[in-house]
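Here is a set of questions and answers for someone meeting this structure for the first time. Please look over the sequence and the model, then read on.

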Amino acid sequence: MHSKTYRTPGAASAGGVRDAFKVSAWVIFASMMGFGSLAWVSGLTLGVSMVSSGAIWGLPGQIAFAELYATGAPVLAIVLAVSLANVRFLPMIVAMMPLFGEGVKNRAWHYVLAQLASVNTWAAAMRVCPHLPHELRAPYYVGFSIVCLLSGLAGTATGFVLAVELPPVVTLSLVFLNPVYFTIVFADVRHRSGVIALLIGAVGGPLFYQVSTDWGLLATGGIGGALAYLVDRILRRRHG
Amino acid sequence: MDEIGLWLLLILAIGATYVWRGLGVVVSGRINPEGEAFKVVSCVAYALLAGLISRMIVLPTGALAETPVFDRVLSTIVGVGVFFLFKRNVLLGTFSGVAVFFVLSVVRAGS
């Protein structure tokens, strides 16, 4: 595990920066590059795509944003879909914030730390921070997160510019990076309720889309998610 | 939608994401992150995302729609296969899937 100990907040931040470059920064760069290309073919501007990476800072919501914008869905459908695609932040933040509770006394900073969370930075915080003294946890997490954020912005810009400059076949391949990347992420999900929800959603998505291009995605989430929860509950009652 | 409309839409989308982050800070320590309510929430998010991703593969919009569904499905399967074969390397899996898709597209364009 993490045998390193940091003596100062600065050393902890530097440790976070180094750890981020091991894997996370590269995965984020590549996945955000796919988003940058998708943003361009969806008709978003470079500015909008960069701000969405930096401020939404949740790739599933960003992809829903670009896709639904491209198909001309109504504003309410887009905003709700982005929100639901990123709803995982709620349980993630709830689980993560107690790590910082004693080290960061000023509660206003908790709202800033929450904005920095993404799947990668959250996983790093949950893995490393419990082994650090309280006052070094936030510095480590912020160092790690800043690298991820910058690499996300760089990836978005790269993907966008490549999509503009390179032949369509390259652009198309970069756009296709998005579904390939997420299918791989999904293939690694192990807990039963998640697997059931993914399977129902994967079948429901194209079906509901044919019923309504505007609202099909929300219907997939709402109906498919509720159904998955119920199926999981029934299986839990039977098999524990 | 003009550019100002697009920026307003983006601001709404940013707010709609931050709602969950902010609420998470507010309720943390008072609610169990493994509880039933969060199970429902997680199921909804997974179903919605899987729906979006499978739709992008099976029924894509724009220029992707002109590629054969066989190419898209095969590339995705290769990506997932490489991911599992090589110690769950996300980068390698993603790159392989995209590479297969790229090669198939180039070959088809040439033939």
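Predicted model: local features only at pLDDT ≥ 70, side-chain atom pairs only at ≥ 80, totals over all residues.

Q: Why does the radius of gyration of chain A agree with that of a compact globule?
A: A compact globule of 240 residues would have a radius of gyration near 18 Å. The C-alpha trace of chain A spans about 60 × 55 × 30 Å along its principal axes. The radius agrees with the globule because the value for chain A is 19 Å.

Q: Which pattern do the elements of chain B follow along the sequence?
A: Chain B has four helices and zero strands. Read along the sequence, its pattern is α-α-α-α.

Q: How many helices does chain A have?
A: From the N terminus on, the elements of chain A run α-α-α-α-α-α-α-α-α-α-α-α. There are zero strands in chain A, and the helices come to twelve.

Q: What share of the contacts in chain A between residues at least 6 apart in sequence joins residues at least 24 apart?
A: For chain B, residues 24 or more positions apart account for 30% of the contacts with a separation of 6 or more. In chain A, among contacts between residues at least 6 apart, the share that joins residues at least 24 apart is 77%.

Q: Which helix supplies the largest share of the side of chain A that touches chain B?
A: The contact takes 81 residues from chain A and 68 residues from chain B. On the side of chain A, these residues divide into 55 nonpolar, 23 polar and three charged. The largest share of that side, 16 residues, comes from residues 168-187 of chain A, which form helix 10.

Q: Which helix gives the largest share of the side of domain 1 of chain A that touches domain 2 of chain A?
A: Chain A is divided into domain 1 (9-176) and domain 2 (189-240), and their C-alpha centres lie 25 Å apart. Nine residues of domain 1 are in contact with six residues of domain 2. On the domain 1 side, helix 4 and helix 5 (75-85) of chain A each supply at least two residues, and the division by class is eight nonpolar, one polar and no charged. The largest share, four residues, comes from helix 5 of chain A.

Q: At what angle do helix 3 and helix 4 of chain A pack?
A: Two packed helices are described by the angle between their axes and the distance between the axes. Helix 3 (residues 46-56) of chain A passes helix 4 (residues 59-70) of chain A in a right-handed crossing. The contact is made by A:S52, A:S53 and A:I56 of helix 3 and A:G61, A:Q62 and A:F65 of helix 4, which by class gives two nonpolar, four polar and no charged residues. The axes are 9 Å apart, and the angle is about 150°.

Q: Which helix of chain B do the buried residues of helix 3 of chain A pack against?
A: In helix 3 of chain A, A:V48, A:S49, A:M50, A:S52, A:S53 and A:I56 are buried. Within chain A, they pack against helix 2 (24-41), helix 4 and helix 9 (134-165). From chain B, the partner is helix 1 (3-27).

Q: Is A:R7 buried or exposed?
A: A:R7 is found in the segment before helix 1 (9-22) of chain A. A:R7 and A:P133 are 126 residues apart in sequence and 9.7 Å apart in space, C-alpha to C-alpha. Because A:R7 has 9 other C-beta atoms within 10 Å, where 12 or fewer is the cut-off, A:R7 is exposed.

Methods
Residues numbered from 1 in each chain as written. Chains lettered and ligands numbered in written order. Contact = placed C-beta atoms within 7 Å. Nonpolar A, V, L, I, M, F, W, Y, C, P; charged D, E, K, R; others polar. Axes fitted to C-alpha atoms, helices over the stretch in contact; angles between N-to-C directions. Left-handed = near helix turned anticlockwise from the far one by under 90°. Buried ≥ 20, exposed ≤ 12 C-beta atoms within 10 Å, placed from the backbone. Domains from an automatic or database assignment. Rg over C-alpha atoms; globule rule 2.2 N^0.38 Å.
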